[in-house]
Amino acid sequence: MYKSVLCWLDAVAEKFSGKTVFSDKNTEITFSQFNEYTKAIGTFLADKVTAQSPVIVMSGRNVYTPACFLGVVRAGCFYAPMDSTMPVHRLNQIIGVIKSDYMIVDKENLEIAKSLDFQGEIYVLEDIINTNPDEALLAKATENLTEETPLYVIFTSGSTGVPKGVITSHHSLMCYINAVSKVLDANSGDVFGNQSPLDYIAAVRDIYLPLKTGASTVIIPKNEFAMPTKLFETLNEYKVTALCWSVAGIELPAKLGAFNCIKPEYLKKVIFSGSVMPCKYLKIWQQNLPDVMFVNQYGPTEATASCTYYVVDKQVEDDTVLPIGVPYENYRIILLNEDGTETEKGKTGEICVSGPILALGYYGDKERTEQSFIQNPLNNNYRELIYKTGDLGSFREDGILEFHGRKDRQIKHMGHRIELGEIEETAKQIDGVEDCCSLYYKEKEQLYLFYTGSASSKEIVLHFRKNLPAFMSPRKLMNLESMPHLPNGKTDMQTLKTYMK
Amino acid sequence: MDELMEILEELRPDVDFENEKGLIADGILDSFDIVALVGELNEAFDIEIKPNDLVPDNFNSAEAMLALINKLQDE
């Protein structure tokens with residue numbers, strides 16, 4: 001039995017030793033080289049770190065970053081990835097939550113790392129990647145590792161203005177990767193084209209499917225997503241067979257007309273997630289690539305990437321709404337009403353998830369963990385935790401799950417999960433902002449901020465760009481004389497919605 | 001040029017469009033900026049930016065964008 005992702009790594013490193021595992025525009029590394037790098041990094045760290053503690057990794061969009069992640073794991077620890085292009089304030093918030101003693105950075109990010117509120121040791125990747133592996137030390141470092149040991153902590157938007165660190169165990173990750181690899185029939189002949197930032201949950205497919213199956217992953221430069229014909233050329237150059245992209249990533253080339261110039265020649269499977277797919281764009285993909293399998297996925301980071309999947313079985317139309325399908329193996333979905341009773345078939349309830357894929361909670365935040373991960377109210381006989389997603393859904397007669405949006409003010413924008421409350425909390429830090437409300441104009445995919453006060457829109461945008469990831473910065477700002485209110489004193493969002501156009 | 005600068009500044013007030021020469025190469029504009037920008041330029045200048053025009057050389061600086069706009073207007 002495989003108790004950790006290291007068992008997968010050892011197995012593929014032997015079986016596929018000379019085959020490429022990861023490549024980027026500059027470098028290509030084989031399974032065996034990759035494995036050696038993880039051992040070198042692991043050896044360097046092992047006699048410094050305390051087992052089962054977090055190590056921050058802040059390195060670029062290249063083949064060495066996954067090696068860092070697994071190197072941390074070889075040292076008996078778990079990794080907390082950070083994207084250095086995030087605003088400094090955001091990085092400092094993450095550091096404040098994770099309270100790690102160690103950080104690995106590449107040379108390129110060293111200056112940024114030094115400028116952060118980080119008190120621990122900083123190690124430079126290029127200095128440690130050629131450490132001589134010490135097998136005995138590595139064996140000792142992982143001797144207490146179990147399936148339930150954390151593998152990583154990935155950060156996501158929090159409504160109070162502080163990001164939440166979702167902790168995932170080896171076992172949960174392996175359950176998900178096993179399940180998704182069956183649906184995709186992932187195998188050593190596959191080449192995945194990575195779109196997701198490597199610190200983001202969606203990247204676990206691109207990193208771990210190769211380690212499970214012997215497939216390869218190409219890390220595509222970020223700016224190619226702005227230039228869609230170049231992007232498709234890259235897919236062809238590397239003979240990419242499979243994409244695990246955000247819906248936003250799938251939309252882009254279709255929106256910008258890339259198929260009129262060039263087609264990805266080698267694609268066989270495309271799996272997308274992150275938000276609701278507008279089918280007018282999926283239709284373009286289907287028409288141009290009739291033999292490709294398209295799969296819709298749904299699920300929160302708290303239930304390890306994705307909970308349900310739906311293989312698109314026919315040509316979609318512009319107004320088709322894709323269901324989110326059926327649970328992956330090892331996932332169980334129940335729908336609950338507000339009063340904790342089970343929702344009838346055909347009726348809408350909150351989507352709740354249980355199974356070995358539940359996260360271990362939010363790092364260092366017992367309170368929010370206990371609010372979101374609760375005992376299944378339908379089970380009085382034994383301990384069974386469920387995660388309440390805050391998403392609404394209903395089961396069709398045939399058992400297929402449909403998605404009906406959010407219970408609260410969390411939205412999905414450009415494939416990222418955003419709490420509108422976090423945007424408002426950030427805006428309120430500006431002196432010239434008295435009251436504000438952020439809304440999402442779904443049809444146009446635009447974030448709005450309505451505010452009162454003397455601040456100029458430029459001032460506000462600059463503040464956002466400094467404090468929040470770019471995708472969270474509202475594109476439309478509206479300065480109001482006064483904020484509309486309901487009789488109970490709450491902001492009248494319905495009136496505000498009529499201002500969006 | 002003024003009209004273009006206005007559009008660019010509204011899109012990304014945090015970027016110095018007068019001096020930046022590597023808007024794409026340095027990753028300053030992301031894919032979502034480009035989608036928004038293409039729509040706005042097409043509308044404002046009555047042009048049609050084609051996928052083949054979407055290469056870094058045409059978008060790395062405000063001047064390059066202006067040259068592209070002029071070229072497409074002449075066609």
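Is Val166(A) buried or exposed in the predicted model? Val166(A) is buried, with 23 other C-beta atoms within 10 Å; a residue counts as buried if 20 or more other C-beta atoms lie within 10 Å of its own, as exposed if 12 or fewer do, and as partly exposed in between, with C-beta atoms placed from the backbone. The model is predicted, and local features need pLDDT of at least 70, side-chain atom pairs count only at pLDDT 80 or more, and totals for chains, interfaces and linings use all residues. Residues are numbered from 1 along each chain as its sequence is written, while chains are lettered from A and ligands numbered from 1 in the order in which they are written.

Val166(A) belongs to strand β8 (residues 164–169) of chain A; helices (H or I, at least four residues) and strands (E, at least two) are DSSP runs, numbered from the N terminus. Not counting residues up to four places away in sequence, Val166(A) touches Val153(A), Ile154(A), Thr156(A), Thr301(A), Glu302(A), Ala359(A) and Tyr362(A), where contact requires that the C-beta atoms of two residues, placed from the backbone, lie within 7 Å. His485(A) is 319 residues from Val166(A) along the chain, and the C-alpha atoms of the two are separated by 35 Å.

Chain A contains an open sheet of nine strands with mixed pairing, in the order β2-β1-β10-β9-β11-β12-β13-β14-β15; two strands pair if DSSP finds at least two bridges between them. Its edge strands, β2 (28–30) and β15 (326–327) of chain A, each pair on one side only. Helix α11 (residues 247–255) of chain A packs on this sheet through contacts with β11 (242–246) and β12 (269–273) of chain A, and its direction makes about 105 degrees with that of β11(A). Axes are lines fitted to C-alpha atoms, for helices over the stretch in contact, and angles run from 0 to 180 degrees between N-to-C directions. Within the sheet, strand β1 (residues 20–23) of chain A runs parallel to strand β10 (residues 216–219) of chain A, to which two bridges join it. In this pair, Ser23(A) stands opposite Val218(A).

Helix α2 (residues 31–46) of chain A comprises 16 residues and spans 22 Å from its first C-alpha to its last, close to the 22 Å expected at 1.5 Å a residue; the expected span is 1.5 Å times one less than the number of residues. α2(A) is mostly covered, with 13 of its 16 residues buried.

The domain assignment of chain A, which is of automatic or database origin, gives domain 1 (332–406) and domain 2 (412–498). The C-alpha centres of these domains lie 30 Å apart. Strands β22 (residues 410–413) and β23 (residues 416–419) of chain A pair in the antiparallel sense over four bridges, with Gln410(A) opposite Glu419(A). The two strands form a hairpin with two residues between them, and Met414(A) in the turn has a positive phi of about 50 degrees although it is not a glycine. Met414(A) counts as buried because it has 22 C-beta neighbours inside 10 Å. Asp185(A), likewise not a glycine, also has a positive phi of about 50 degrees and is placed in the loop between α8 (170–184) and β9 (191–194) of chain A. Asp185(A) counts as exposed, with 12 C-beta neighbours inside 10 Å.

A further open sheet of chain A has three strands in the order β24-β25-β26, with mixed pairing. β24 (435–441) and β26 (476–479) of chain A each have a single partner strand, so one side of each is left without a neighbour in the sheet. The twist averages 20 degrees from one strand to the next. β24(A) and strand β25 (residues 446–452) of chain A run antiparallel and are joined by seven bridges; Leu439(A) stands opposite Tyr448(A) in β25(A). Helix α14 (residues 420–427) of chain A lies across β24 and β25 of chain A, at about 145 degrees to β24(A).

The contact between the chains takes 17 residues from chain B and 21 residues from chain A. On the side of chain B, helix α2 (residues 31–45) of chain B contributes the largest share, five residues. The residues of that side divide into 11 nonpolar, three polar and three charged, where Ala, Val, Leu, Ile, Met, Phe, Trp, Tyr, Cys and Pro count as nonpolar, Asp, Glu, Lys and Arg as charged, and the others, Gly among them, as polar. Gly257(A), in the loop between α11 and β12 of chain A, touches Lys50(B) and Pro51(B), not counting residues up to four places away in sequence. Gly257(A) is partly exposed, with 18 other C-beta atoms within 10 Å.
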